[in-house]
Amino acid sequence: RNSRIDQLISLLSVKMSMWLTTTSLMRPSIPDWLEDLCQRLADNDSTLTTIEMSRQRIDDAASKFLCKALEGNTTVSILIISLFNVVDDGAYALGQIIGSNRSIKKLQFRDLHHPREVTTLFDAVGRNETVEEFSLRHCRLCEKSAQSLGFLVQHHRSIEELRLVDTFLGTNAMVPLTDALKVNQSVKRLFIVNSDLGPSDANLLASRLSHNAILKELHLCENNLGDEGVLNLCRGLQKNKSLTTLNLRSNDIGSKGALALETLIERQKSIKELHVGSNRLEDAGAASLATGFRKNSTIVSLDVSDNGIGLVGTTALALALRTNNTLHDLNLSFNAIGDKGAKELSAILEFSHSLRRLCMIRNRITNAGAAYFAHKLPSMRSLRELILTKNVIDREGGYLLLEGLRTNMELEYLHIEDSDISKPVLKELSHWIRLNQAGRRIFRDTKIDLGLWPYVLGKVNNEPSVLFHFLIEKPEFLNRNKKKRKRKVSGGAHLEKSSPLVAPLQISNSS
């Protein structure tokens, strides 16, 4: 009898052990990094303001564990999360916490594919009244999912930026979204990037935005609009009076599309930035844009990089700058303007009073092209930044630019770092750029002897505001030092004691 009891106890022990083992295996496994993160969330760690989990694909159990920690958190303002493995319970838990959270300002969902989870999460975002930037990346939106997004966009009052990046838009998915944008009163920046938009999508979008008075920026990069799509878009946007930025980079736009853009910039009076880089405008397209710019007085930034533009297109743009007094930033990078194109641009910069930044990365410019810019540098009055990286400029071109920079007091940034220029020349160029950044033009405007500049600069610690006060309030000091300088023809010793910037008027390795 005792033997049977012992056997029964032994059997029960084995069964219990098996049950405990099975239960342990079924218990959700939470990664150590997530446990540490959730502990910081629960403690309201003030240094934890961003949760970035775009690469970590958490499952339902981990999602619920995270949501539990977020319940009382008030520090996190940015949440980026991949939902690849999150379904049903995990999506519901995440929706509950997002709907009630009042600290998250920027929200990004990645890898969201299933319509059921889309509806759950979009409804939650609709209940959140603090999210200002909402984005989807690597997601799939069918017509039903797009209807949920459209409802969200139509009724939400705090979302100012909406991003759809690398997101597949199914058949008719653009209809509910564009319908919502027609009446939306909050979205100011719209990004639809690499989402395979075509001409019909552009037509739909333009028709809804023609009377939208809220949207400020429209970014449709890396799609398939083509000339037809741009034509459709431009027709609708001619009536829009709020749009300030239009970005159509990498959309297979050719010369016909450029003609539509020409008409748009002639008639549209609100756009300030136009980005059409990485298309196929070539010379004909650049010439069309130049024609439009002659009648435009609002655009301040133009990007036509990587468009196969040569001498003819560059010349047309240069001539347009003669009459255009509003363009501040021109990007001609990754074209083929060459030395002759550099000559045309440098000649115009002598007369331009508006252009502040000129970017010409990798444009087959050699020392001859650098010489044209160097020759005109002393007479340029508006240019603040010149970018010539990845061209064919060596030590000779560097010396030429240095000679021109000595008497130019406006240029504050010169980018030629990766050229084959010796370090002493680069150091000397950097020296003169620093003087310009500190406000050397004040000496030209006040007609004060330039030789006093190093002494004054040393006294005011490179602060332009202090320098201006110094020149206005202490003119007698400057006059007194002028007399001293005249008496000391070899005044190097005096200047060395007064300023750390010694003899900047000479080229030397130590200046």
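Is Arg-280 buried, partly exposed or exposed?

1. Arg-280 is partly exposed, with a relative accessibility of 40%, where buried means under 20% relative accessible area, exposed over 50% and partly exposed in between, computed with a 1.4 Å probe and protein chains only. Before going further, please note that this is a predicted model, in which local features need pLDDT of at least 70 and side-chain atom pairs count only at pLDDT 80 or more, whereas totals for chains, interfaces and linings use all residues. Residues are numbered from 1 along each chain as its sequence is written, and side-chain values use heavy atoms, with hydrogens and water left out.

2. The side chain of Arg-280 forms a salt bridge with that of Asp-252, at 2.7 Å from N to O; the term stands for a side-chain nitrogen of Lys or Arg within 4 Å of a carboxyl oxygen of Asp or Glu. Arg-280 lies in the loop between strand E11 (273-275) and helix H11 (282-293), and Asp-252 in the loop between strand E10 (245-247) and helix H10 (255-267), so the pair ties together parts that are 28 residues apart in sequence. Asp-252 is partly exposed, at a relative accessible area of 44%. Helices (H or I, at least four residues) and strands (E, at least two) are DSSP runs, numbered from the N terminus.

3. A salt bridge also joins the side chains of Arg-384 and Glu-410, at 3.2 Å from N to O. Arg-384 sits in the loop between helix H14 (367-376) and strand E15 (385-387), and Glu-410 in the loop between helix H15 (395-406) and strand E16 (413-415), so this pair ties together parts that are 26 residues apart in sequence. Arg-384 is partly exposed at 22% relative accessibility, whereas Glu-410 is buried at 2% relative accessible area.

4. For the salt bridge between Glu-71 and Lys-68, the closest N and O atoms are 3.9 Å apart. Glu-71 is exposed, with a relative accessible area of 53%, and Lys-68 is exposed as well, at 57%. The count for the model comes to 19 salt bridges.

5. A network of salt bridges links Lys-106, Glu-133, Glu-161, Arg-163 and Arg-189. Strand E4 (residues 133-137) is mostly covered, with four of its five residues buried. Strand E3 (residues 106-110) pairs with E4 in the parallel sense over five bridges, pairing being assigned if DSSP finds at least two bridges between two strands. E4 also pairs with strand E6 (residues 161-165), again in the parallel sense and over five bridges. Ser-135 in E4 is the bridge partner of Gln-108, and Arg-163 in E6 is the bridge partner of Ser-135.

6. The axes of helix H7 (residues 174-183) and helix H8 (residues 199-209) come within 8 Å and cross at roughly 20°. That makes H7 roughly parallel to H8, given that angles under 35 degrees count as roughly parallel, over 145 as roughly antiparallel, 65 to 115 as roughly perpendicular and the rest as oblique. Axes here are lines fitted to C-alpha atoms, for helices over the stretch in contact, and angles run from 0 to 180 degrees between N-to-C directions.

7. H15 packs with helix H16 (residues 423-437) at an angle of about 25°, their axes being 10 Å apart. That makes H15 roughly parallel to H16.
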